Amino acid sequence: DQTVALARMLQDAGASMITVHGRTREQKGRDTGPADWKGIERVKAAVSVPVIANGGMENKAQADACIASTGCDGVMMGEAALENPAVFEGVRTGDRQEDLAEEYLGIVETYPTEARNVKQHLFNMLYGHLQVHTDLRRALHLARNVDQMKQVLAELRERPRIRTETHCNKPGEYTAWYHRHRWEYWKHAQA
């Protein structure tokens, strides 16, 4: 197995920790598919340095299951944590998006950064609601400062939290940014 051989080479070269993404290069977009936890488990068994698992986890329960299944020393979450920074607390994506966005804007006021970076994080966090309330998606795009972004967020809080419109992953599900590729797959499979 090339992955195991590479992990051993990295350890022998002095790596003090190895992170393994359980997907192949080909698994992206609509073809993402599940991560290969058995592959991560094989790497963990082959090396003595800590192994961090990555790929295919979108909530705390899945992270805990990955650790239990692979024996890895920890997990990394990228996209799921960008959308829901409270994922490690067990908060379900979609339940507190506006609160998380407001907290984030407070942090940005204390530690300023470029507006485009702030907006990208807000687009990730508020994705599901902005798919339904497209006028606010445009308003966020046009926002040039934190006060304007807060205004968009305040308007979004006043809108209904729709979960069953055509923009959803499947009828009855919250439209998660993390699932945007799955929604595309589902949409095209229904056609």
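Predicted model: local features only at pLDDT ≥ 70, side-chain atom pairs only at ≥ 80, totals over all residues.

User: What is the order of the strands in the open sheet?

Analyst: Two strands are taken as paired if at least two bridges are found between them. Here the open sheet has 3 strands in the order S1-S2-S3, and their pairing is parallel. Strand S1 (18–21) and strand S3 (74–76) are the edge strands, since each pairs on one side only. On average, neighbouring strands of this sheet are turned by 30° against each other, with direction ignored.

User: Which helix lies across S1 and S2?

Analyst: That is helix H2 (residues 37–46), which runs at about 170° to S2.

User: Is Leu-136 buried or exposed?

Analyst: A residue is called buried when its relative accessible area is under 20%. Leu-136, found in helix H8 (residues 134–142), has a relative accessibility of 2%, and therefore counts as buried. Leaving aside residues up to four places away in sequence, Leu-136 touches Leu-130, Val-152, Glu-155, Leu-156 and Arg-159.

User: Which residues form a nonpolar patch on the surface?

Analyst: Leu-6, Met-9 and Leu-10 form this patch, and together they have about 290 Å² of accessible area. Leu-6 lies in helix H1 (residues 2–12), and with a relative accessible area of 46% Leu-6 is partly exposed, because that term covers values between the 20% limit for buried and the 50% limit for exposed.

Conventions
Residues numbered from 1 in each chain as written. Heavy atoms only, no water. Patch = residues over 30% accessible without salt bridge, like charges linked within 9 Å, V, L, I, M, F, W, Y side chains within 5 Å. Areas by Shrake-Rupley, 256 points an atom, 1.4 Å probe, with all protein chains shown as cover. Salt bridge = Lys/Arg side-chain N within 4 Å of Asp/Glu carboxyl O. Helix = DSSP H or I, 4+ residues; strand = E, 2+ residues; numbered from the N terminus. Buried < 20%, exposed > 50% of the residue type's maximum accessible area, 1.4 Å probe, protein only. Axes fitted to C-alpha atoms, helices over the stretch in contact; angles between N-to-C directions. Contact = heavy atoms within 4.5 Å.
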